[in-house]
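Let's walk through this model together, one question at a time.

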Amino acid sequence: MAGICEIASNPLEVGYEVAKNGKYFKLKLKIVYRLNHHFTKMDFAKYPETFDTGIGPSTKGERNQALGIIENKKAVASLYIQPQQIIYYGVPGSGKSHKIAEKTSGISEEQKIRVVFHPEYTNADFVGQIVPTQTSDGIDYPFKAGPFTRVLKRALKNPGKPYYLIIEEINRGNAAAIFGELFQLLDRNADGWSTYGVENLDINAFIRSNNDHYSEKTVATSVPVGNITFTENTGIRLPPNLSLLATMNTSDQNVFTLDNAFQRRWDMQLVKNECDDSNQMEATISVVDQLIKWKDFQSQINNLIGEKSNEGGLSSMEDKRLGCWFIKAENGKIDTDLFANKVLKYLWDDAFKFCHQEVFSSDIKNFEELQKRFLEKGFEVFNENCGFAFK
């Protein structure tokens, strides 16, 4: 057995030299995690910065040899890959995709696959499907693997490396239908493996195939895949080194609702609508002879959205708040035309769709008129009660 343990009681003697003279340590250990393989000196050699004495001289690369001192838990975290299933949610432009990019930075492109859910996205797109193919012998019907199946195979073949399936806009597709029976795999044990397996002959055949794109329909022999010997009867499970990360725009909750059974199998993490990038937040919007900072506009408009949601009893309006990165600045400025076409349109069509006259000048009847007048008169298109201060 391989595992990560805590010392439950101290040894009778302390020191390597004592052990060499014929006295052996007697320890009581508490198992924290069972690992799927033994670690040797070479596994730890990649992480010298996590040890205060480097690789200990007594480490011989044998299974029963350990490093002298481990001070930093990062070493253990790096070696024992604990899977994550996280849905990052927040208002539009809050930086959800950026959060995932930061989390997976330094990971090679081969170790991550990104997909985008949408209303037409199906289980066949996600998992794979039979695709008729013209060959020299006629028509063949191989299985074309989808992104889920491809990243699963890579993770199984390389158990020592982390892999990520990244799902953008998870609630813009019918997630329950897209996952289908794979929904069952989202329950994980403490060791990171799926609690329950599913039988899928096509995925199984693809995992046992040497072909990265298409699998043979029948592979009679057993095939070693990472630490597992795969046969035709091997069930499909998510391994510990495969994490699932997703984004969800809270303002689009009405597209496809994620039911409670689906959501509880994920960790939900709010991406706060905060930004410390001065180049973005101090950027200015200049129109006519008026100038306003993006941070001031964003803050005031979000306060206004909160007020209107409270007044109307529409709690969902809070999800319409502008994210810090809803529109990006360049060289300390936000393009006026882009602001008019992107921000104003969003405010007219979504955020304030039920209260135009309470936010904008009462004589503005449609968005085309709003845009035209903004380019002519600037922020005067907003009702004076909105409280915008510009130079």
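A salt bridge here is a side-chain nitrogen of Lys or Arg within 4 Å of a carboxyl oxygen of Asp or Glu. The model is a predicted one, in which local features need pLDDT of at least 70 and side-chain atom pairs count only at pLDDT 80 or more, while totals for chains, interfaces and linings use all residues. Residues are numbered from 1 along each chain as its sequence is written, and side-chain values use heavy atoms, with hydrogens and water left out.

Q: Which residue forms a salt bridge with lysine 293?
A: Helices (H or I, at least four residues) and strands (E, at least two) are DSSP runs, numbered from the N terminus. Lysine 293 belongs to strand β16 (residues 290-293), and its partner sits eleven residues away in the loop between α10 (278-281) and β15 (284-287). The closest N and O atoms are 2.8 Å apart, and the partner is glutamate 282.

Q: Is lysine 295 buried, partly exposed or exposed?
A: The classes rest on relative accessible area: buried is under 20%, exposed is over 50%, and partly exposed is in between (1.4 Å probe, protein chains only). Glutamate 282 has 32% and is partly exposed, and lysine 293, with 31%, is partly exposed. Lysine 295 has a relative accessibility of 31%, so the class is partly exposed.

Q: How many salt bridges does a search of the whole structure find?
A: One of them brings together the side chains of arginine 114 and glutamate 168, at 2.6 Å from N to O. Arginine 114 is partly exposed because its relative accessibility is 45%, whereas glutamate 168, at 9%, is buried. For the whole structure, the search total is ten.

Q: Which residues point the other way from Tyr163, Leu165 and Ile167 in β9?
A: In a regular strand the side chains alternate between the two faces of the sheet. Strand β9 (residues 163-168) is mostly covered, with six of its six residues buried. Opposite to Tyr163, Leu165 and Ile167 point Tyr164, Ile166 and Glu168.

Q: What is the bridge partner of isoleucine 167 in β13?
A: Two strands pair if DSSP finds at least two bridges between them. Strand β4 (residues 112-116) runs parallel to β9 and is joined to it by five bridges, with lysine 112 partnered by tyrosine 164. Strand β13 (residues 242-249) also pairs with β9 in the parallel sense, over five bridges. There, isoleucine 167 has as its partner alanine 246.

Q: In which order do the strands of the open sheet of three strands lie?
A: The edge strands, each pairing on one side only, are β16 and β17 (333-334). β15 and β17 run parallel and are joined by two bridges, and threonine 284 has lysine 333 as its bridge partner in β17. Pairing in the sheet is mixed, and the order is β16-β15-β17.

Q: Which residues does glutamine 371 contact, leaving aside its neighbours within four places in sequence?
A: Contact means heavy atoms within 4.5 Å. Glutamine 371 has its place in helix α14 (residues 367-377) and counts as buried because its relative accessible area is 19%. Helix α12 (residues 336-351) packs on α14 at an angle of about 140°, with the axes 10 Å apart (lines fitted to C-alpha atoms over the stretch in contact, with angles from 0 to 180 degrees between N-to-C directions). Outside that sequence neighbourhood, glutamine 371 touches Ala340 and Asn341.
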